[in-house]
Amino acid sequence: MGDKKGLRKSSPSGESSGADFAGLGIQFAGAIILFLFAGQWVDKKLGTDGLFTIIGVFVGGGGAFYNMYRKISAAQRRDDEERAARRGHDRKDGQP
């Protein structure tokens, strides 16, 4: 959990940039489309009329939303830690 492996600063100042989140929309749409087609495939195999297609869309959307939430939360946590570290560093230098 406390492992910072894989986390990188996105800009020289350490703040998040838009490029960090540029692919989230594509990932969100891709997950929904993937599960949509998986649901259609299961519907064809079992002979159901759209049940698994609807379930697939909701599972894909839920999973994509959870992934987006995790990435945004991690970025927010990282930014908060960096701001706290800068504040602590500024106080050591005698600045308020």
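Helices (H or I, at least four residues) and strands (E, at least two) are taken here as DSSP runs, numbered from the N terminus. The expected span of a helix is 1.5 Å times one less than its number of residues. The structure is a predicted model, so local features need pLDDT of at least 70 and side-chain atom pairs count only at pLDDT 80 or more, while totals for chains, interfaces and linings use all residues. Residues are numbered from 1 along each chain as its sequence is written, and side-chain values use heavy atoms, with hydrogens and water left out.

The overall picture comes first. The protein holds two helices and zero strands. Of its 96 residues, 16% count as buried, where buried means under 20% relative accessible area, exposed over 50%, and partly exposed in between (1.4 Å probe, protein chains only). The accessible surface of the protein is about 7500 Å², and carbon and sulfur atoms account for 63% of that; accessible areas come from the Shrake-Rupley method with a 1.4 Å probe, and for residues only the protein chains shown count as cover. As for contacts (heavy atoms within 4.5 Å), 65% of those between residues at least 6 apart in sequence join residues at least 24 apart.

Helix 1 (24–46) is made of 23 residues and runs 33 Å from its first C-alpha to its last, close to the expected 33 Å at 1.5 Å a residue. Its buried residues are Leu 24, Ala 31, Gly 39 and Asp 43. Just past helix 1 sits Gly 47, with a positive phi of about 75 degrees.

Leu 34, Phe 35, Leu 51, Ile 55 and Val 59 form a nonpolar surface patch of about 440 Å². Helix 1 and helix 2 (51–92) are the elements that give two or more residues to this patch, and helix 2 gives the most, with three. Patches are made of residues with over 30% relative accessible area and no salt bridge, with like charges joined within 9 Å and nonpolar side chains (Val, Leu, Ile, Met, Phe, Trp, Tyr) within 5 Å. A salt bridge is a side-chain nitrogen of Lys or Arg within 4 Å of a carboxyl oxygen of Asp or Glu.

Phe 21 lies in the segment before helix 1 and is partly exposed at 28% relative accessible area. Its C-alpha is 8.9 Å from that of Met 68, 47 residues away along the chain. Phe 35, in helix 1, counts as partly exposed because its relative accessibility is 34%. Phe 58, in helix 2, counts as exposed because its relative accessibility is 64%.
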